[in-house]
Structure formats: structure tokens, C-alpha cells
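Hi there,

Here is the structure I promised to pass on. Have a look, and my notes follow below.

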Amino acid sequence: MKSKSKLPKVSFSEINKIAIPAIIAGIAEPLISLTDLAIIGNVEVNAVEALAAVGLVGSFLSALIWILAQTKTAISALVSQHLGQNRLNAVKTLVPQTLALNLLLSLIVYTITAIFAELIFSAYNAEGQILEYAKSYYRIRALGYPLTLVTFAIFGVFRGLQNTLWAMKCSLIGGLVNVILSYVLVFGIPNILKPMHLEGAAIASVIAQAVMLILALYFYFNKTPFNLGLRLSLNPNLKPLIKMSANLFLRTLALNIAIYFANAYATDYGKNYIAAQSILMNIWLFFSFFIDGYANAGNAIGGKLLGEKAYQKLWLLSKDISKYAVIIAVGLGLVCAIFYAEIGLIFNKNQAVLVEFEKVFWIVLLMQPINAIAFMFDGIFKGLGEAVYLRNLLLVATFGAFIPSLLIADTFGLQLYGIWIAFFIWMLIRSSALVIQFKQKYLDKV
């Protein structure tokens with residue numbers, strides 16, 4: 001290892017200036033899904049079927065967002081690297097071209113998935129009332145998908161500029177709008193508004209996503225050096241951005257194949273199992289986005305340090321963010337352990353669903369520190385532009401570990417236990433491989 005210089009490391013306050021607002025901004029989408037789950041799970045009519053449908057749609061929408069929102073990560077990495085090089089002018093035309101690309105892709109995806117909604121959710125083994133609820137809920141809720149995808153791309157620009165506060169403000173207001181409207185539209189107002197049940201929750205989500213986009217555009221126009229002017233000549237950075245996005249697309253596709261298999265198997269086990277799985281998965285996603293705030297800090301700061309070629313600070317950054325992320329994960333796990341039984345009751349009162357939930361919730365909590373390491377290094381690798389390695393790792397972890405583990409567990413009749421043991425193995429492989437690769441590639445440059 002080269003001798004260490006006296007360069008100061010990135011301070012705790014600098015990390016938290018990006019991480020804490022990023023945490024709040026990042027949980028907006030899973031919070032919308034959790035709000036819908038909590039409200040719908042407590043309606044009096046067909047609560048278990050409605051809960052299962054909301055969970056399936058929430059997981060599928062999260063999959064779509066993760067897969068196609070990779071331009072957010074790519075644009076963040078490129079903006080942060082050019083900021084570190086003091087060359088932001090080189091990406092001024094790239095940003096509006098990226099936003100236009102996101103809008104076009106999202107409109108195409110919405111149209112196709114809305115038409116084939118029945119086929120899609122049938123593939124999750126949904127049938128009967130669950131399938132009918134999933135179709136109607138999705139076709140409304142997914143109207144907000146193009147809004148979300150453009151909003152997330154703008155959030156990526158903000159993060160590249162080392163600012164996550166603007167995204168936090170947008171997400172907070174959007175989340176508040178969703179909570180209020182969801183409750184009002186689902187249950188109605190006596191003598192004023194009839195209860196809209198599942199459709200009401202979907203409409204509330206779309207309105208909340210529209211509010212977030214409007215606010216994001218306000219900050220974009222007033223706080224950044226970019227605009228929405230499109231040029232016919234393509235920015236030379238667009239090709240690397242698309243290439244990086246494509247690799248991250250394949251990576252995220254592999255990730256969501258794992259989630260698809262988990263939900264499909266849970267649905268096949270019965271409606272109580274998929275209802276419990278819906279709660280477990282959405283809590284896991286909420287934790288993931290929560291911890292991902294420090295990964296976002298690693299993404300933004302790491303890309304900037306790479307542009308500056310400040311490798312020692314990069315190494316110290318990885319150690320510090322790992323520590324902070326693990327502390328957050330352990331804290332979340334302890335809080336949930338204290339209120340173990342009460343958490344399930346927030347989402348559903350059906351005793352059969354709660355029994356299945358409580359059987360395996362401890363596995364979700366136990367894996368949180370491992371998740372923290374995986375998500376943190378995942379964020380740094382994205383900021384460094386290491387999309388190919390991330391792609392290959394997820395492909396190996398999903399097809400070489402998760403799916404075989406799930407199949408073996410199903411053979412032994414482990415049901416939800418087997419699903420979450422497979423997730424545990426999956427995350428263990430991801431976190432270990434990322435740590436080893438980072439040490440091998442960047443420690444020698446320190």
C-alpha cells in the first residue's frame with residue numbers, strides 16, 4: 001500500500017448533509033406503498049385479498065421503478081464526477097436529454113403493462129378476487145409511474161450536485177399528501193364523499209407523485225444550472241450514460257427476478273401467505289430505502305472523489321459510511337424487535353396472516369446489518385461507474401444462489417421461512433463480494 005497522505009477525510013457532517021435528506025427522500029415511494037397497505041389492510045370488506053393485491057402491485061411497481069430508474073444513478077454519477085472535475089458545462093445538454101428519455105420509456109412501459117395487467121399478475125399466481133383487485137389498483141396507481149421516473153431522474157441530478165435536501169422537501173410534502181388523501185379517499189367523508197376503497201388509495205398515490213414532480217421541477221429550474229432545452233445533437237456523454245444504465249438495468253432486473261419468485265411462491269402457498277409476504281416485503285423495501293440514504297451519500301461523494309482522484313478519502317469514506325449504515329440498521333432492527341407483534345397489527349388484524357408474519361419477521365430483522373453493508377458499497381460502486389461488476393454480481397447471486405436456495409427450501413416445505421432464508425443467503429453473497437472487490441481495486445491506490 002502506498003504511504004498515506006495527510007488529506008483530511010470526509011467529515012461526519014458532510015456525509016450526513018447528503019445522507020439524512022436522502023434517507024427521507026428515498027423512503028417516499030415505499031412509504032406510499034406502506035401507507036396503502038396499512039389503510040387497505042384495515043378495511044372491513046375483503047381486507048386480506050385487498051392487502052395481497054396491494055402488496056403484489058407495490059412489489060411490481062418497485063421492480064419497474066428500480067429497473068428503469070437506473071438513469072437516476074447514472075446521471076448522478078456523471079454529474080458528480082464532472083462536478084469534481086469542475087466541468088459541469090460538459091453535461092448541460094445531457095440532463096434534459098436524460099429526462100426526456102426517462103419520460104418516453106415510462107410512457108411505453110405504462111401502456112404495455114396496463115394492457116397486460118391481468119397476464120402480469122396471473123404470473124404471480126394471483127387469481128379470483130386478488131387478481132381483480134390487483135388489475136384495478138395497478139391501472140390507476142401506475143399512472144403515477146411516468147411522474148415518478150422523471151422525478152427520480154431529477155433527484156439524481158440533485159444528488160450529483162451534492163444536494164439531497166431539495167429531494168427531501170419534495171418527498172416529505174408528497175408523502176404527507178398521500179397519507180391524508182389515501183385515508184380520505186379510501187374511507188370517504190360522511191355525507192360528502194363516498195368511500196372509494198382500493199381505487200381511492202391508488203388515486204391518492206398518483207396525486208402525491210404529481211405533487212412531487214411539480215416541486216422537483218421548481219427546484220430544478222430555480223436551484224440548478226440546468227434547463228429543459230433539448231438539442232438535436234446528442235451529448236457525447238449520453239452513450240456512456242445509456243451503457244451504464246443498461247448494465248444497471250440488467251442488474252436490477254436480476255434483483256427483481258428474485259422478488260418475483262418470492263412473491264409467486266408465496267401466492268401459491270395461499271392468500272394468508274402472500275398477505276404476510278406483502279407486509280414483510282414492503283417493510284424490507286422500506287428498510288432498504290432507509291439505509292440507502294448513506295449509500296446515496298457514498299454515490300454522490302464517491303463519484304466526486306473519483307473525479308478528484310482522491311483515493312485515500314474514498315477509502316476512508318467507505319469505512320465511515322459502512323459504520324453509520326450498520327448503526328442505523330441495528331437501530332431499526334432493535335426498534336422493530338421491541339414492537340414485534342404490534343408492527344403486524346398496523347397492517348392487518350387477520351390472525352392467520354399475523355401468525356405467518358410473526359413466524360419469519362425475525363429473519364428480516366436479523367439480515368439488516370448485512371443489507372446495510374451491501375447497499376452502502378452498492379451505492380459507492382454506482383458513483384464510481386462500476387456498473388458491469390454490479391451487473392455480474394447480481395446475476396450470479398440471483399441465479400447461482402437465491403433461486404437454487406428457494407427451490408431447495410420449497411422442496412422441504414419451508415414456505416415463507418424458505419423465501420427469507422434464500423434472501424438472507426442472497427444478501428450475504430452480495431455484501432461479501434462488494435467488500436472484497438472494493439479492497440482489491442481501490443485499496444492499492446491509497
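How many residues has helix α8, and how far does it reach from its first C-alpha to its last? Helix α8 (residues 145-160) has 16 residues and reaches 23 Å, close to the 22 Å expected at 1.5 Å a residue (the expected span is 1.5 Å times one less than the number of residues). Helices here are DSSP runs of H or I with at least four residues, numbered from the N terminus.

Before going further, a note on the source: this is a predicted model, where local features need pLDDT of at least 70 and side-chain atom pairs count only at pLDDT 80 or more, while totals for chains, interfaces and linings use all residues. Residues are numbered from 1 along each chain as its sequence is written, and side-chain values use heavy atoms, with hydrogens and water left out.

Back to α8: 15 of its 16 residues are buried, so the helix is largely enclosed by the rest of the structure (buried means under 20% relative accessible area, with a 1.4 Å probe and protein chains only). After α8 comes Gln162, with a positive phi near 70°.

Ser106 sits in helix α5 and is buried too, at a relative accessible area of 0%. Apart from neighbours within four places in sequence, Ser106 is in contact with Tyr145, Pro146 and Leu149 (contact means heavy atoms within 4.5 Å).

Finally, the axes of α5 (residues 94-115) and α11 (residues 238-269) come within 11 Å and cross at roughly 40°; axes are lines fitted to C-alpha atoms, for helices over the stretch in contact, and angles run from 0 to 180 degrees between N-to-C directions.

Enjoy exploring!

Terms used: Helices (H or I, at least four residues) and strands (E, at least two) are DSSP runs, numbered from the N terminus. Buried means under 20% relative accessible area, exposed over 50%, partly exposed in between (1.4 Å probe, protein chains only).
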